[in-house]
Each structure stands twice: as C-alpha cells, then as structure tokens.
Amino acid sequence: MNEALCRLEELADPGSASFTVEQDGTRLSIMVVRQDDEVFGYVNSCPHVGVMLDFEPGRFLDSERRFILCSSHGALFRIRDGFCVSGPCAGKSLTPYPLSLKDGFVLPGRG
Ligand code: FES
C-alpha cells in the first residue's frame, strides 16, 4: 500500500492541503481538496504560467470555498474536475493527480 498523505478527517470540508510526492524520480507539489467525503488531487501548477496556486501553503480555496483559486491572477477552477471557469486560463484544466481513500486515509494513486 502506498504511504498515506493524511487522514480524511484532518482536512476541513471543504478544505485543502498540499503535499510533495515523488513521481518518476522527481518531486512534485500536489494539492488535495476535500469536498463532502471525496478528495480530488491536482498538480500544484496553474495551466496559465505554471506557478503554484496556493497563497499560503495548503490554502487553495476561494473565500466561499467553492472553487480552487490561483493566488497569482485569480483564476477559478471547479473542485470536482479542475476545469477553469474564470480567469486568464478559462477553458483549461488543472492536471489531475490520482488519489484514493481507504479506511479513512488519503492515499496517492488509484489504490
Ligand atoms: S498563474 Fe494562475 S491564473 Fe495566472
């Protein structure tokens, strides 16, 4: 089993966190966003110019916690599929990072 990133209950609902994972021998910053009892993972890189999205480490959601917010230029992305609905990269999407839930733990990969 892959090493767990965190427990589901450690994430606010809705809420988010950031983690660094290894992928193909390189370190990758990812975000984990919880909504209800589901989690959604994305690479922490805006499709606009490739900067990290969080304005504080692990804080990715807008003030109403309805969208993922790019802190640099204000792009808004849907939590469930990473699609950009507003901002300079409207119509593009965040790169998904697969996650799974098992026994209350958030795991990298499809499980
Ligand atoms: S870097 Fe995110 S919208 Fe520009």
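Arg-80 is partly exposed in this predicted model, with a relative accessible area of 44%. The residue forms a salt bridge with Glu-38, in which the closest N and O atoms are 2.5 Å apart. Arg-80 is located in the loop between strand E6 (76–78) and strand E7 (84–86), whereas Glu-38 belongs to strand E4 (residues 38–43); the pair therefore ties together parts that are 42 residues apart in sequence. Glu-38 is likewise classed as partly exposed, at a relative accessibility of 37%.

Side chains of opposite charge can pair when their charged atoms come close. A further example is the salt bridge in which the side chains of Asp-81 and Arg-78 meet, with an N to O distance of 2.6 Å. Asp-81 is partly exposed, with 37% relative accessibility, and Arg-78 is also partly exposed, with a relative accessible area of 36%.

Another of these pairs involves Asp-37 and Arg-34, whose side chains meet in a salt bridge at 2.9 Å, N to O. The two partners fall into opposite accessibility classes. Arg-34 has a relative accessible area of 11% and is therefore buried, since the buried class comprises values under 20%. Asp-37, by contrast, has a relative accessibility of 53% and counts as exposed, because this value lies over the 50% limit.

Technical notes: Residues numbered from 1 in each chain as written. Predicted model: local features only at pLDDT ≥ 70, side-chain atom pairs only at ≥ 80, totals over all residues. Heavy atoms only, no water. Salt bridge = Lys/Arg side-chain N within 4 Å of Asp/Glu carboxyl O. Buried < 20%, exposed > 50% of the residue type's maximum accessible area, 1.4 Å probe, protein only. Helix = DSSP H or I, 4+ residues; strand = E, 2+ residues; numbered from the N terminus.
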